[in-house]
Amino acid sequence: LEALLFTVAREAIGLDSKIRGIKQGNIRPTGMAIDDVDETGDSKHVTHKRWATLTNAVLPAGATDGSTYVMAVQNMVNPDGVMARIVNHKDGVLRNAVVSGPIPALYDAEFDKAGRPIRGRPSWPEGQPLEVCQAQVDLWGPKAFRTEAQHDFTEREGSLWRNDWLVHDDQYTVEDCIRVVVGYDPGISDDDNGDEHGIV
(Lines give C-alpha, C1' and ligand atoms only; values in the text may rest on other atoms or scores of the structure.)
Protein backbone atom coordinates (compact mmCIF):
# COMPACT_ATOMS: atom_id res chain seq x y z
CA LEU A 1 0.00 0.00 0.00
CA GLU A 2 1.52 3.27 -1.06
CA ALA A 3 0.00 6.66 -0.42
CA LEU A 4 1.44 9.78 -1.99
CA LEU A 5 0.72 12.65 0.38
CA PHE A 6 1.27 16.13 -0.94
CA THR A 7 1.02 19.70 0.27
CA VAL A 8 3.92 21.79 -0.96
CA ALA A 9 6.28 18.83 -1.27
CA ARG A 10 5.49 15.26 -2.27
CA GLU A 11 6.24 12.28 -0.10
CA ALA A 12 5.62 8.56 -0.67
CA ILE A 13 4.49 6.68 2.41
CA GLY A 14 4.49 2.90 2.81
CA LEU A 15 2.69 0.68 5.28
CA ASP A 16 5.78 0.46 7.48
CA SER A 17 5.94 4.23 7.98
CA LYS A 18 4.34 6.37 10.65
CA ILE A 19 1.58 7.98 8.64
CA ARG A 20 -0.82 9.55 11.09
CA GLY A 21 -0.04 13.18 11.81
CA ILE A 22 2.43 13.70 8.97
CA LYS A 23 2.65 17.41 8.27
CA GLN A 24 4.85 20.33 7.30
CA GLY A 25 4.69 22.82 10.11
CA ASN A 26 0.97 23.09 10.84
CA ILE A 27 -0.07 22.03 7.35
CA ARG A 28 -1.39 18.52 6.80
CA PRO A 29 -1.60 16.94 3.33
CA THR A 30 -4.36 18.38 1.18
CA GLY A 31 -4.14 15.60 -1.37
CA MET A 32 -3.52 11.87 -1.41
CA ALA A 33 -2.95 9.51 -4.32
CA ILE A 34 -3.51 5.91 -3.30
CA ASP A 35 -2.09 3.19 -5.53
CA ASP A 36 -0.83 -0.42 -5.42
CA VAL A 37 -3.18 -1.49 -2.65
CA ASP A 38 -4.20 -4.92 -3.96
CA GLU A 39 -2.62 -8.08 -5.31
CA THR A 40 -4.56 -10.82 -7.04
CA GLY A 41 -3.87 -13.44 -4.38
CA ASP A 42 -4.53 -11.31 -1.28
CA SER A 43 -6.33 -13.15 1.50
CA LYS A 44 -9.21 -11.59 3.40
CA HIS A 45 -6.84 -11.12 6.34
CA VAL A 46 -4.37 -9.12 4.23
CA THR A 47 -7.16 -7.02 2.75
CA HIS A 48 -8.62 -6.35 6.19
CA LYS A 49 -5.23 -5.19 7.47
CA ARG A 50 -4.72 -2.87 4.49
CA TRP A 51 -8.25 -1.51 4.82
CA ALA A 52 -7.63 -0.78 8.51
CA THR A 53 -4.39 1.04 7.67
CA LEU A 54 -6.10 3.11 4.98
CA THR A 55 -9.09 4.07 7.12
CA ASN A 56 -7.36 4.43 10.49
CA ALA A 57 -4.02 5.93 9.49
CA VAL A 58 -3.75 7.15 5.89
CA LEU A 59 -7.04 9.02 5.45
CA PRO A 60 -6.98 10.61 8.95
CA ALA A 61 -3.52 12.02 8.12
CA GLY A 62 -5.16 14.53 5.80
CA ALA A 63 -6.28 18.08 6.46
CA THR A 64 -8.22 18.40 9.72
CA ASP A 65 -11.06 20.29 8.04
CA GLY A 66 -11.89 17.28 5.84
CA SER A 67 -10.91 19.06 2.62
CA THR A 68 -8.24 16.57 1.56
CA TYR A 69 -8.53 15.49 -2.08
CA VAL A 70 -8.15 11.71 -2.41
CA MET A 71 -7.47 9.94 -5.69
CA ALA A 72 -7.29 6.13 -5.76
CA VAL A 73 -5.95 4.57 -8.95
CA GLN A 74 -5.44 0.87 -9.60
CA ASN A 75 -6.79 -1.89 -11.75
CA MET A 76 -9.35 -3.93 -9.84
CA VAL A 77 -7.48 -7.21 -9.58
CA ASN A 78 -9.29 -8.53 -6.50
CA PRO A 79 -13.09 -8.51 -6.13
CA ASP A 80 -12.80 -8.34 -2.34
CA GLY A 81 -9.82 -5.98 -2.22
CA VAL A 82 -9.32 -2.44 -0.98
CA MET A 83 -10.13 -0.88 -4.37
CA ALA A 84 -13.40 -2.85 -4.55
CA ARG A 85 -14.25 -1.56 -1.08
CA ILE A 86 -13.51 2.00 -2.16
CA VAL A 87 -15.67 1.63 -5.28
CA ASN A 88 -18.52 0.17 -3.21
CA HIS A 89 -18.17 2.82 -0.45
CA LYS A 90 -17.67 0.05 2.13
CA ASP A 91 -18.24 1.23 5.72
CA GLY A 92 -19.13 4.68 4.38
CA VAL A 93 -15.47 5.36 3.50
CA LEU A 94 -15.00 7.95 0.73
CA ARG A 95 -18.78 8.21 0.60
CA ASN A 96 -18.72 11.15 -1.84
CA ALA A 97 -16.18 9.58 -4.19
CA VAL A 98 -16.76 9.89 -7.90
CA VAL A 99 -16.08 6.45 -9.35
CA SER A 100 -14.79 6.13 -12.90
CA GLY A 101 -14.41 2.52 -13.91
CA PRO A 102 -13.35 -0.16 -13.79
CA ILE A 103 -12.71 0.28 -17.50
CA PRO A 104 -11.81 -2.88 -19.45
CA ALA A 105 -9.26 -2.79 -22.25
CA LEU A 106 -11.94 -4.21 -24.57
CA TYR A 107 -15.68 -3.66 -24.33
CA ASP A 108 -17.85 -6.56 -25.57
CA ALA A 109 -14.73 -8.69 -25.93
CA GLU A 110 -14.94 -12.11 -27.54
CA PHE A 111 -12.18 -14.65 -27.02
CA ASP A 112 -11.14 -17.75 -28.94
CA LYS A 113 -10.67 -21.12 -27.23
CA ALA A 114 -7.05 -20.24 -26.42
CA GLY A 115 -8.21 -17.14 -24.55
CA ARG A 116 -7.02 -14.67 -27.19
CA PRO A 117 -9.35 -11.74 -27.95
CA ILE A 118 -10.70 -11.94 -31.49
CA ARG A 119 -12.91 -8.87 -31.37
CA GLY A 120 -13.99 -6.08 -29.08
CA ARG A 121 -14.18 -2.29 -28.85
CA PRO A 122 -10.99 -0.85 -27.30
CA SER A 123 -11.46 1.65 -24.47
CA TRP A 124 -8.11 3.23 -25.47
CA PRO A 125 -7.90 2.81 -29.27
CA GLU A 126 -4.69 4.83 -29.65
CA GLY A 127 -2.71 3.02 -26.95
CA GLN A 128 -4.30 -0.41 -26.53
CA PRO A 129 -6.12 -1.47 -29.70
CA LEU A 130 -7.18 -5.07 -30.32
CA GLU A 131 -3.77 -5.97 -31.79
CA VAL A 132 -1.99 -4.76 -28.63
CA CYS A 133 -4.43 -6.72 -26.47
CA GLN A 134 -3.67 -9.84 -28.52
CA ALA A 135 0.07 -9.26 -28.06
CA GLN A 136 -0.46 -8.81 -24.32
CA VAL A 137 -2.31 -12.13 -24.13
CA ASP A 138 0.55 -13.78 -26.01
CA LEU A 139 3.04 -12.29 -23.53
CA TRP A 140 1.13 -12.42 -20.20
CA GLY A 141 -1.18 -15.36 -20.85
CA PRO A 142 -4.99 -15.23 -21.04
CA LYS A 143 -5.65 -15.43 -17.30
CA ALA A 144 -3.41 -12.48 -16.43
CA PHE A 145 -4.87 -10.43 -19.29
CA ARG A 146 -8.44 -11.06 -18.17
CA THR A 147 -7.60 -10.07 -14.60
CA GLU A 148 -5.29 -7.12 -15.26
CA ALA A 149 -6.79 -5.63 -18.42
CA GLN A 150 -10.42 -6.80 -18.33
CA HIS A 151 -10.99 -6.70 -14.54
CA ASP A 152 -12.41 -10.22 -14.74
CA PHE A 153 -12.20 -11.87 -11.31
CA THR A 154 -13.91 -15.16 -12.10
CA GLU A 155 -10.61 -17.09 -11.92
CA ARG A 156 -8.97 -16.78 -8.49
CA GLU A 157 -5.57 -18.01 -7.39
CA GLY A 158 -5.93 -21.07 -5.20
CA SER A 159 -9.38 -21.95 -6.54
CA LEU A 160 -10.27 -25.63 -6.53
CA TRP A 161 -12.15 -25.46 -9.83
CA ARG A 162 -11.55 -23.57 -13.06
CA ASN A 163 -14.29 -21.90 -15.05
CA ASP A 164 -13.44 -23.75 -18.26
CA TRP A 165 -14.18 -27.02 -16.41
CA LEU A 166 -17.65 -25.78 -15.52
CA VAL A 167 -18.80 -23.97 -18.67
CA HIS A 168 -21.70 -25.72 -20.37
CA ASP A 169 -21.04 -26.37 -24.04
CA ASP A 170 -24.14 -25.56 -26.10
CA GLN A 171 -23.67 -28.66 -28.26
CA TYR A 172 -24.79 -30.86 -25.36
CA THR A 173 -28.25 -31.11 -23.84
CA VAL A 174 -29.31 -32.35 -20.44
CA GLU A 175 -30.20 -35.74 -21.96
CA ASP A 176 -26.59 -36.14 -23.11
CA CYS A 177 -25.22 -36.01 -19.55
CA ILE A 178 -23.63 -39.29 -18.50
CA ARG A 179 -22.96 -38.34 -14.89
CA VAL A 180 -23.59 -35.76 -12.21
CA VAL A 181 -20.60 -34.63 -10.18
CA VAL A 182 -20.73 -32.75 -6.90
CA GLY A 183 -17.54 -31.08 -5.73
CA TYR A 184 -16.98 -30.00 -2.15
CA ASP A 185 -14.11 -27.89 -0.80
CA PRO A 186 -14.37 -27.81 3.01
CA GLY A 187 -13.05 -24.93 5.06
CA ILE A 188 -10.48 -26.59 7.35
CA SER A 189 -8.20 -23.70 8.31
CA ASP A 190 -8.09 -22.98 12.03
CA ASP A 191 -8.28 -19.19 11.72
CA ASP A 192 -11.12 -16.67 11.35
CA ASN A 193 -10.90 -16.89 7.54
CA GLY A 194 -11.28 -20.68 7.43
CA ASP A 195 -15.08 -20.89 7.64
CA GLU A 196 -15.95 -20.76 3.92
CA HIS A 197 -16.95 -23.90 2.07
CA GLY A 198 -17.14 -24.40 -1.68
CA ILE A 199 -19.80 -26.60 -3.26
CA VAL A 200 -20.40 -27.01 -6.98
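1. A word on terms before we start: a residue is called buried when its relative accessible area is under 20%, exposed when that area is over 50%, and partly exposed in between, using a 1.4 Å probe and protein chains only. Please keep in mind that this is a predicted model, where local features need pLDDT of at least 70, side-chain atom pairs count only at pLDDT 80 or more, and totals for chains, interfaces and linings use all residues. Residues are numbered from 1 along each chain as its sequence is written, and side-chain values use heavy atoms, with hydrogens and water left out.

2. Here is the overall layout. The protein has 5 helices and 8 strands; these are DSSP runs numbered from the N terminus, with helices (H or I) of at least four residues and strands (E) of at least two. Starting at the N terminus, the order of elements is β-β-β-α-β-α-β-β-α-α-α-β-β.

3. Of the protein's 200 residues, 29% count as buried. Taking contacts (heavy atoms within 4.5 Å) between residues at least 6 apart in sequence, 54% join residues at least 24 apart. The protein exposes about 13600 Å², of which carbon and sulfur atoms supply 51%; such areas come from the Shrake-Rupley method with a 1.4 Å probe, and for residues only the protein chains shown count as cover.

4. Thr47, Arg50, Trp51, Thr53, Leu54, Ala57 and Val58 are buried in H1.

5. Next come the charged pairs. Side chains of opposite charge can pair when their charged atoms come close. A salt bridge here is a side-chain nitrogen of Lys or Arg within 4 Å of a carboxyl oxygen of Asp or Glu, and the count comes to 4. In one of them, Arg50 meets Asp42 at 2.6 Å, N to O. Arg50 counts as buried at 16% relative accessibility, and Asp42 is buried with 11%.

6. Arg116 and Asp138 form a salt bridge too, with their closest N and O atoms 2.9 Å apart. Arg116 lies in the loop between strands E5 (106–111) and E6 (117–122), and Asp138 in helix H3 (residues 130–140), so the pair ties together parts that are 22 residues apart in sequence. Arg116 is partly exposed at 29%, while Asp138 is exposed at 52%.

7. Asp152 and Arg146 make another salt bridge, at 3.2 Å between the closest N and O atoms. Asp152 is buried, with 18% relative accessible area; Arg146, at 31%, is partly exposed.

8. Just after H3, Gly141 takes a positive phi of about 100 degrees.
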